[in-house]
Amino acid sequence: MSKAYVVSTFDMVNVADLDLLRQVDQRCEEMVIAVLSDELVTSLHGRPAVVPEAERLELVRNLRISDKVLLCTKLDDLPSDGELLTDEESLADRASAVLTPARRSASPELLAALAVPGVTR
């Protein structure tokens, strides 16, 4: 049985997040989603998440695509009994693979809120 941990911010859940989860679901038999804590998001991105961690956790839990959802407060605490997948370039040195979602939101407001390079408010 293959197991994968998908680690991401999942801020303002959108089609890119859904595509990431679909890709991971196709690669493994068991998927655990690790939502980055508010502190880790700020540390990795230099800015806080738009949506607080408790709400991001609740949103991801309600997608019902994974076997388990957990809060990642320390990168060193991530389990090592499966493949570590992410869409976060800042985690490339820790991940088995950095996946690129095939879909991105068409909303300029969403992209600006997520601070995607090249998009202004």
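Is Cys 72 buried or exposed, and what is its relative accessible area? Select Cys 72 to start: the residue is buried, with a relative accessible area of 2%. Here buried means under 20% relative accessible area, exposed over 50%, and partly exposed in between, using a 1.4 Å probe and protein chains only.

Before moving on, a word about the model. It is predicted, so local features need pLDDT of at least 70 and side-chain atom pairs count only at pLDDT 80 or more, while totals for chains, interfaces and linings use all residues. Residues are numbered from 1 along each chain as its sequence is written, and side-chain values use heavy atoms, with hydrogens and water left out.

Now colour the chain by pLDDT, the predictor's confidence in each residue, from 0 to 100. The protein chain averages 87, and 93% of the residues score at least 70. Then select residues 116-121, where pLDDT stays under 50. For this stretch the model has seven contacts (heavy atoms within 4.5 Å) beyond four places in sequence.

Next stop: Cys 28. This residue is also buried, at a relative accessible area of 11%. Its closest cysteine sulfur is in Cys 72, 17 Å away, too far for a bond. With a disulfide taken as a pair of cysteine sulfur atoms within 2.5 Å, the count comes to zero.

Finally, pick Gln 23 in helix 1, residues 15-27. Helices are DSSP runs of H or I with at least four residues, and strands are runs of E with at least two, numbered from the N terminus. Gln 23 is buried, with a relative accessible area of 17%. Show its neighbours too: leaving out residues up to four places away in sequence, Gln 23 touches Leu 99, Thr 100, Pro 101 and Ala 102.
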